[in-house]
Amino acid sequence: MDIRETIPVRRSHIVTEQGEDGCLVLAYPRFPYRWLNKLFPMLSTYIHVPLEKYGSEIWNSIDGHSTVDEIAERIAKQFPEEQDIKNRAVTYIQQLHKDKFIWLKY
């Protein structure tokens, strides 16, 4: 199946925060088990991944109902000046999936 026909869904353990620059920051637990935080108190509980403006818009478009192709179309309309933005949006979603921020419904 073509990835453009799949529906991206955010993973439930990912927390979305607003960054100082207005873009989003994704945060996820550093350890799979909470008790590990007590063994390593010097480390932050969450790992933070800042997104840029395109990534923030893509993340906000992932609603669990829209297909990858629909999201790419929406992003292309928001940023008409950007070259090849539709393919870049698809690639970005593939990377989010590879990095386990989202899962794909077929």
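Modeller: Tyr33 sits in the loop between strand 3 (24-29) and helix 1 (35-39). Helices (H or I, at least four residues) and strands (E, at least two) are DSSP runs, numbered from the N terminus. This is a predicted model: local features need pLDDT of at least 70, side-chain atom pairs count only at pLDDT 80 or more, and totals for chains, interfaces and linings use all residues. Residues are numbered from 1 along each chain as its sequence is written, and side-chain values use heavy atoms, with hydrogens and water left out.

Biologist: How many aromatic pairs are there?

Modeller: Rings of Phe, Tyr and Trp (its six-membered ring) pair if their centres lie within 6.5 Å; planes under 30 degrees apart count as stacked, over 60 as edge-to-face and the rest as tilted. The count by this rule is three aromatic pairs. One of them is stacked: Phe31 and Phe40, 5.5 Å centre to centre with 25° between the planes.

Biologist: Why does Phe31 count as buried?

Modeller: Buried means under 20% relative accessible area, exposed over 50%, partly exposed in between (1.4 Å probe, protein chains only). Phe31 counts as buried because its relative accessibility is 18%. Phe40, at 35%, counts as partly exposed.

Biologist: Which aromatic pair is edge-to-face?

Modeller: Tyr54 and Phe79 form that pair, 4.7 Å centre to centre and 70° between the planes. Tyr54 lies in helix 2 (residues 53-61) and Phe79 in the loop between helix 3 (68-78) and helix 4 (85-98), so the pair ties together parts that are 25 residues apart in sequence. Both Tyr54 and Phe79 are buried.
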